[in-house]
Amino acid sequence: MKQNGVRNLGERCVFVTGCCGTIGRELVRQLLEEYRVGELIAFDNNESELFFLEQNFASHKNAQFILGDVRDRDKLVQCMRRVDYVFHTAAFKHVILCERSPFEAVQTNIMGVRNIVHAAYENRVRVVIFTSSDKAVNPTSVMGTSKLMGERLMTAANATQRDGGPVFASTRFGNVLGSRGSVVPIFREQIRRGGPVTLTHSDMTRFIMSIREAVRLVIDSLFWARGGEVFITKMPVLRIKDLAQVMINCLAPHFGHDPDRIKIREIGIKPGEKMYEELMSGEETRRAMELHDYFVVLPAFRGIYRKIEYLYPDIVSNQVERPYISADGPFMNLEEIRAFLEKNNLLDVATDEALHPAERYWP
């Protein structure tokens, strides 16, 4: 993985937006503890969480934690001075809240990306990686549409530059189990209370990934990016009802309940919610390649002022025949789901997740 001149991060300065979010926080940890970056600048507008994050990594003298907002272009230009690589994870991610405040979603998820692009141009950053979402594929919500526009802005930024500026690319993945807002803490709290465990639909399927694995693949895309692509991580698939059943079987005894007495109750699909996840559309397959851990969707509109050769090691196929959707399976069995949850400490009952609400939020 030696694309675009990246060899290691030991002498490099890396800038992470949205460092207080689930992905951003793990990015900070891996970059400091595993990749041992030369300098890390962590950027977020959540004052309290930023304060605690800085305390957690106080021993890392090469890390700076800066309060700011991606809506502030001048601040970004200032903070990106002498930065080599950017991971842009800051975004509004909750579908319902974005539906209620669409102009706020535009300001952060679209205009914020534009500001990142501008600051990267101004500071001659080497590579910018934008973290996108499965909801950007055939979007049914404001949030999904804004993330799709973010991807398009990254691709356009790469296509229209004249003088060999930054490499811009996106990475797209599905559910990160255990992240804030995921179903796991809801199920855990419902089981703790003795049920019922609420399910939107028994046939609903989802791609899943651990936080650690998702971030590793995001960092990998820094090494692979040639410019304008969307990297789509390959992910295992499960039925949500199977996840609920495994969690009931594993956790109920810890909370003093009989697993057979905890019921699963269907409550209906939320507005705009999909029965299955889409990570790559049918249209995108026409310009996609398959690697060992990724699919790569190449830009529909290539660079205007420079020619880019999209050559990668580890190519499995130069053609992709089918869209990548969770309904196609194959699905994890119950034992595989249990092993995944155990490996990623998602069955740990010694957490403060009891503070998490047990009710599903319904608009």
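This is a predicted model: local features need pLDDT of at least 70, side-chain atom pairs count only at pLDDT 80 or more; totals for chains, interfaces and linings use all residues.
Ground rules. Local features need pLDDT of at least 70, side-chain atom pairs count only at pLDDT 80 or more, and totals for chains, interfaces and linings use all residues. Residues are numbered from 1 along each chain as its sequence is written, and side-chain values use heavy atoms, with hydrogens and water left out.

Strands. These, like helices, are DSSP runs numbered from the N terminus (helices are H or I, at least four residues; strands are E, at least two). Take β5, residues 127–133. Seven of its seven residues are buried, meaning under 20% relative accessible area with a 1.4 Å probe, protein chains only. Val127, Ile129, Thr131 and Ser133 lie on one side. Val128, Phe130 and Ser132 lie on the other.

β4, residues 85–88, pairs with β5 in parallel over four bridges. Val86 partners Val128 there. β6, residues 167–173, runs parallel to β5 with seven bridges. Ile129 partners Ala169.

Now β2, residues 39–44: five of its six residues are buried. Five bridges join β2 to β1, residues 13–17, also in parallel. Phe15 stands opposite Ile41.

Helices. α7 is residues 183–192, α9 is residues 240–251. Their axes, lines fitted to C-alpha atoms over the stretch in contact, come within 10 Å and cross at roughly 45°. Contact means heavy atoms within 4.5 Å. From α7, the contacting residues include Phe187 and Arg188. From α9, they include Leu243 and Met247. The contact residues divide into ten nonpolar, no polar and one charged, with Arg in the charged class and Phe, Leu and Met in the nonpolar one.

Terms used. Axes are lines fitted to C-alpha atoms, for helices over the stretch in contact, and angles run from 0 to 180 degrees between N-to-C directions. Buried means under 20% relative accessible area, exposed over 50%, partly exposed in between (1.4 Å probe, protein chains only). Two strands pair if DSSP finds at least two bridges between them.
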